[in-house]
Amino acid sequence: MNVIHKKPWAIAEREATPEAVFWNRRKFLAGVAGGSLGLGALAANPGRALAEEDPSAGLYPVPRNEAFVLDRDLTKESVASTYNNFYEFGTHKEIASAAQALPIRPWTVQIDGLVDNPQTIDIDALLAKMPLEERLYRHRCVEAWSMAVPWSGFALAELVKLAGPTSDAKYLRFETFHNPEIAPGQKQGWYPWPYVEGLSLAEATNDLAFMATGVYGKPLAKQFGAPLRLAVPWKYGFKSIKSIVRISFVEERPVGLWEAIQSKEYGFWANVNPGVPHPRWSQSSERILGTSERRNTLMFNGYGEQVAELYKDMKGEALYM
Ligand SMILES: Nc1nc2c(c(=O)[nH]1)N[C@H]1C(S)=C(S)[C@@H](COP(=O)(O)O)O[C@H]1N2
Ligand SMILES: [Mo]
């Protein structure tokens, strides 16, 4: 395992889940299950009742993996959940209410291609199998805004283990749902729907590659890409594909939606690098969501210690676009 060393700077984690809340919530849920708290208790707290509609709500919050630390405050939930990129529901950032049309149950994930254990697995069965944990991650969009969020989920390496790639498998190809009936953006034929993204097998088994199933101590809200999205924080945000229905293990490098549209601006590797500008703007700094602050962008978004090794022999590749 790739050990992440604690950095000396102080961590501000006021939005993340303290242990006390974690245990009280477990107790509360045990009480509901055991019938000691009636429906009245839920009615008295409609926010809670609403959260319980997601059948996975009882799994959260999950214990935090303290190895992943931040150099900045977490972005407020109210900010991160109202400024989203999810082209299936619109090309602007205010798609949160439109995204509520996405049905997230039943939901299955097809695992196929060059694997010993191809399967179509129900999301709740997958959640039950996986070791869930919370990780505080930065997120850097290619458009030069950033946030820091407490994802819940599991290491992608665990899913790779479940699939059992054969020796021919070199890449993972991820695919988002395709349902123009509920996702108006998918009626726009000039995008090559469904959204597709890819990682190399080496990237997918790096400890930083994370499958997010929750955020802010709850199941993922739909606008974040419920019920399953990728979080690869050393890469530009477009690599972190949302609402995944299929993961294929393949020999050929997959072509993502943005690469298919404009390969001169969006490449396969898309590693964050402040020194390599986008053809139309600088990547040297970023706007921190919910603040008036700009910060210098860090190489690999600050995760070089964990991932730089993956690319050391790739001279001549477009690693930073
Ligand atoms: N299916 C899908 N996944 C997607 C996108 C998208 O439009 N559709 N946008 C990407 C981009 S560009 C970014 S920056 C992040 C935004 O994630 P957030 O809305 O949770 O902040 O999602 C990524 N994943
Ligand atoms: Mo993005």
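**Entry 1. The largest pocket**

I began with the lining of the largest pocket, which is made by 26 residues. Those nearest its centre are Asn 85, Tyr 195, Gly 237, Phe 238 and Trp 258. I note here that the model is predicted. The volume of the largest pocket comes out at about 440 Å³. I sorted its lining by class and got 14 nonpolar, 7 polar and 5 charged residues.

I then asked which space ligand 1 takes.

**Entry 2. The shell around ligand 1**

I listed the residues around ligand 1 and found 18. Tyr 87, Glu 88, Thr 176, Ser 240 and Lys 242 come nearest to the ligand. By class, I have this shell down as 9 nonpolar, 6 polar and 3 charged residues.

In Asn 84, a side-chain N or O atom is 3.0 Å from an oxygen atom of ligand 1. Thr 176 has a side-chain N or O atom 3.0 Å from a nitrogen atom of the ligand; Thr 176 is also among the residues that come nearest to ligand 1. For Arg 229, I read 3.1 Å between a polar side-chain atom and an oxygen atom of ligand 1.

How much of the accessible area of ligand 1 does the protein cover? On its own the ligand has 530 Å², and the protein covers 99% of that.

**Entry 3. Other cavities**

I searched the whole structure for cavities of 30 Å³ or more and found 4. The second largest cavity has a volume of about 60 Å³.

I wrote down what lines the second largest cavity. One stretch of the lining is Tyr 137, Arg 138, His 139 and Arg 140, and others in the lining include Trp 151, Ala 231, Val 232 and Pro 233. Lys 235, Tyr 236, Gly 237 and Ser 240 are also part of this lining. Two of these names were already in my notes: Gly 237 lies among the residues nearest the centre of the largest pocket, and Ser 240 is one of those nearest ligand 1.

Which element gives the largest share of this lining? Strand E3 (residues 133-140) does, with 4 residues. I count the classes in the lining of the second largest cavity as 6 nonpolar, 3 polar and 3 charged.

**Entry 4. Backbone checks**

Most peptide bonds are trans, and most residues other than glycine have a negative phi. I looked for exceptions.

The peptide bond from Tyr 60 to Pro 61 is cis, with omega near -5°. I place Pro 61 in the loop between helix H3 (46-51) and helix H4 (77-80).

Arg 105 and Pro 106 are also joined by a cis peptide bond, with omega about -10°. Pro 106 sits in the loop between helix H5 (96-99) and strand E1 (108-113).

Ala 144 is not a glycine, yet its phi is positive, at about 75°. I find Ala 144 in the loop between E3 and strand E4 (145-155).

Definitions and conventions
Residues numbered from 1 in each chain as written. Chains lettered and ligands numbered in written order. Predicted model: local features only at pLDDT ≥ 70, side-chain atom pairs only at ≥ 80, totals over all residues. Heavy atoms only, no water. 1 Å grid on protein atoms, 1.4 Å probe; cavity = no way out; pocket = protein on both sides within 12 Å on 5 of 7 lines; lining within 4 Å. Points joined across faces, edges and corners; volume = space filled by probe spheres on them. Nonpolar A, V, L, I, M, F, W, Y, C, P; charged D, E, K, R; others polar. Near = heavy atom within 4 Å. Polar contact = N/O pair within 3.5 Å; in protein donor to acceptor, adjacent residues only side chain to side chain. Areas by Shrake-Rupley, 256 points an atom, 1.4 Å probe, with all protein chains shown as cover. Sits in = over half its atoms within 2 Å of the grid points. Helix = DSSP H or I, 4+ residues; strand = E, 2+ residues; numbered from the N terminus.
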